[in-house]
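I shall go through one structure region by region, and I ask you to keep it in view as I speak.

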Amino acid sequence: MNNHTYEHSAPLGDKHNGGRAVTLKYLDDGTPVICKPRNAKTEMAFAQLLNGYKNLGLSCVPNGVEVLFAGEKYNEQAYVHHLPARSEEDVRKYFFNCGVTVFLTYMLGSYDLHCENIIASLDSPVIIDLETLLSAEIVKRNAAYGVADLSESVLKSHLLPNWIALDSEMRDCSGFSGALNGSKNILFYNNDPQMAYIYADTVISGFEKAYELSLKNRERIKDLIEKFGDCTFRQLLRPTDVYDKIIRFCAAVDDMQSRRSAAYALLARAYENDIDPNRIKKAEKLLRYEIESVLQGDIPLFVSHGNSINLYNCDEETLFENFYCKSPVECAISRLYSLNEADMKSQTKIIIQALSAAKPVTQTKTCVSEKLDNISLVFDILEKYVIPAISSKWMLLDFGRADSLFLQSAGLGIYNGLLGILCFYAAAYYRTGQSKYLEKLFDYYSSYRKITAESIAAIPLSDDSCSFSNGMGGQLSALYHIYELTGQKIFYNDFINILNRISLQNVNIKNTEIMGGAVSLALVLPKADTPIAKDIAGVLAPYLLQAKPTLTGMAHGAAGLSLALSAIGAVLNSNDYDEKISELLAFENSYYFEDEGNWQDLRYESRKSFMLGWCAGAPGIAMARKRMLEYTRNSAIAKVCEDDIKRASRVLGKADCLKRDSLCCGNSAILAVCSFLGLENSQIFAELESRLRTLSLNMYHPLDTCDINCGLMQGFAGVGYALAMYGDPFCGGMMV
Ligand SMILES: [Zn+2]
């Protein structure tokens, strides 16, 4: 290496490297060389892995970096130039190699491969920073569910399009499509950037070829993974932005002593949440190291070794013994052995999702086949966009700000989660009798059962766990409705089983509204033929009796509360609640305006506003009143209900189309209520159908987002549901 002269040297790359910077130097002939202050074992092991796949018969494999000099604590690598494709064949190979890279990084457990760590060069993406190629595992994952969630999917590597909040703006910084100031990760051909979503098929074929080879050659690949045994990897203990915040907070504190104690307080508290509290004592050395780094304005650099479960600092001192439950190499090998055909399919689906998420929105509108009816159309959209990733996490595709799409996990709830979406499958089966809908319903429901019906011991009666939107209140409503539509006993049995597991100890109810409160449970009690229904009714009653109405409407206001109370009255066979019910109705009706034909939405104090949704306004209020008629034996209350239904009906049958389309707040809500009340509104039906076909649905929600998703109350599933159930009085049974 003596023939090198150092003409220029500048630090490159990430800051969190323990003060040892990567530098660039030039040889006499001007050739640039990258100098890294550590050994090149990872680069070499990765090159062997790539070569191994080539030997197993993979038609092309990505390029690794070329190591020019490998020392114990220093290495030099050929500079990777950002070069355009020379031919269409280069472009094809490039995207095939992207697919192979997605697979390899998925198997190895790579993360943080954002756009600054990848260079697009001729026919291959080249990962230039391999420090996060493998990762160790902190928590033991539940083996029964295999891959636990999206954080363990192909999305983990960060190569696929993925929006994150950056400087309070949603941006794509992913390895394949993200482009930050001067990043070189996008391939050009004839001066045009080549976007991965156009080559999705090629990416998938690279991914599948590498996946299939791995299924057939596990032993040989295991040997190759073991070569990472004496490599070291950078480990991030907390998200970089958390460190950033802590660093900034501490820097603003004046004297050193208080600065140190501020850092201690913030970091130690984070440990209580992040790590098993029993380990905090053991974590003191680690904590001290973290505090020192943060006080110096550095993001702490942690290191793990390929074959070790200890955590080290950048000087290779052990900070915490047995920190991980599996070493990076063990993790990768166990991932290798858990690969299977079903996983390949679901990961492939995630890749397609993620890549199409990078499409400009105008281009997502062309994928609908004209021949499909409404139900199959929504079914197809859901099958395409909603991914039941092996356990509880479902993935939804959302339109985020700036019209970009991003992926996010949804829970189990009725509002936008799994059980809500299953209401659509039940409706599709109910209206068509086609077994494919029932099969899918059972298929997805089985994953729900695993984590609820089969395994929950006790459900606390609290707002968090029993709300309508995300909790058991809504899930039970959905279960009962699915039973109603499919006639399948399993849904009723689970409905009763889950209800029986609601624990009446440690009741925690603060929110007396249907949407976010445990009082939403009251809605299902008359539907449940089980003694616990009476017990729950007895516990909920006093909360509702004390509730002071401040809003109108079903989701947040008096309509929901009065319905909940009359459900309780019916279950307990008592008219003790009639006075309060009448009070709630009178409150609500004092905000009815004849010229609007609607109830004022009191959430916006500054202006007089009216909504036509399930959550607020005439549709939800009319549904609540109709249901109350089934429960009440008080003729005065019944009279109010009938009058209110008449008032609402006058508006709903001839209501004009709204801008918004969701089942919670828009056209689908009007349509659902019309069906529930035996009314028609063919104008809204036709308009909603046409919006669905052109995918120009308007799903934005008042909470200042313009998101669109696949869920029931705010997404595609709800539009599909309202269209499928149009004209049927069972429509909307789960909403009241
Ligand atoms: Zn709403």
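This is a predicted model: local features need pLDDT of at least 70, side-chain atom pairs count only at pLDDT 80 or more; totals for chains, interfaces and linings use all residues.

Let me begin with a definition: helices and strands here are DSSP runs, a helix having at least four residues and a strand at least two, and they are numbered from the N terminus.

The phi angle of Leu122 is near 55 degrees, a positive value in a residue other than glycine. As background, most residues other than glycine have a negative phi. Is Leu122 buried, exposed or partly exposed? Because it has 18 other C-beta atoms within 10 Å, Leu122 is partly exposed.

A second residue may be set beside this one. Asn322, in the loop between E15 and helix H8 (328–338), has a phi near 50 degrees, again positive in a residue other than glycine. Asn322 counts as exposed, with 11 C-beta neighbours inside 10 Å.

I turn now to the strands, and to a hairpin. Strand E2 (residues 22–26) pairs with strand E3 (residues 32–36) in the antiparallel sense, over 4 bridges. Within this pairing, Lys25 stands opposite Val33 of E3. The hairpin formed by E2 and E3 has 5 residues between the two strands, and Gly30 in the turn has a positive phi of about 90 degrees. Strand E3 is also joined to strand E5 (residues 75–78) by 4 bridges, and these two run antiparallel. Here the bridge partner of Ile34 is Gln77 in E5. In general, the strands of a sheet pair through backbone hydrogen bonds, either parallel or antiparallel.

The next element is an open sheet. Its 4 strands come in the order E12-E13-E14-E15, with antiparallel pairing. Which strands stand at the edges? They are strand E12 (232–235) and strand E15 (318–320); each has a single partner strand, so one side of each is left without a neighbour in the sheet. On average, neighbouring strands of this sheet are turned by 45 degrees against each other, direction ignored. Looking at one pair, strand E14 (residues 311–313) and E15 run antiparallel and are joined by 2 bridges. In that pair, Leu311 has Phe320 in E15 as its bridge partner. Helix H7 (residues 284–295) packs on the sheet, where it touches E14 and E15, and the direction of H7 makes about 110 degrees with that of E15.

Let me move on to the interior. In general, nonpolar side chains of soluble globular proteins tend to be buried together. The largest nonpolar core of this model has 123 residues, and Leu422, Leu525, Ala564 and Ile568 touch the most other members. Which helix gives the most to this core? It is helix H11 (residues 418–432), with 12 residues. Leaving aside neighbours within four places in sequence, Leu422 is in contact with Leu441, Tyr444, Tyr445, Ala478 and Ile482. Apart from this core lies another, of 74 residues, including Leu49, Ile119, Ile127 and Phe207.

First, its length: at 1.5 Å a residue, the 12 residues of H22 should span 16 Å, and its end C-alpha atoms are 16 Å apart, which agrees. The buried residues of H22 include Ile684, Phe685, Leu688 and Leu692. These four cover an arc of only 100 degrees around the axis, which puts them on the same side of H22. The face turned away from that buried side carries the exposed residues Ser682, Ala686 and Ser690.

Phe249 is found in helix H5 (residues 240–251); with 14 other C-beta atoms within 10 Å, Phe249 is partly exposed. Not counting residues up to four places away in sequence, Phe249 touches Ala262 and Leu266. Between Phe249 and Leu266 there are 17 residues of separation in sequence and 9.5 Å in space, C-alpha to C-alpha. Tyr591 has its place in the loop between helix H18 (578–589) and strand E21 (592–593), and counts as partly exposed, with 18 C-beta neighbours inside 10 Å. Beyond four places in sequence, Tyr591 touches Thr552, Trp599, Gln600 and Leu602. Thank you for your attention.

How values were computed:
Residues are numbered from 1 along each chain as its sequence is written. A nonpolar core is a set of buried Ala, Val, Leu, Ile, Met, Phe, Trp, Tyr and Cys residues joined through C-beta atoms within 7 Å. A residue is buried if 20 or more other C-beta atoms lie within 10 Å of its own, exposed if 12 or fewer, and partly exposed in between; C-beta atoms are placed from the backbone. Two residues are in contact if their C-beta atoms, placed from the backbone, lie within 7 Å. Two strands pair if DSSP finds at least two bridges between them. Axes are lines fitted to C-alpha atoms, for helices over the stretch in contact, and angles run from 0 to 180 degrees between N-to-C directions. The expected span of a helix is 1.5 Å times one less than its number of residues. The arc is that of the directions from the helix axis to the C-beta atoms.
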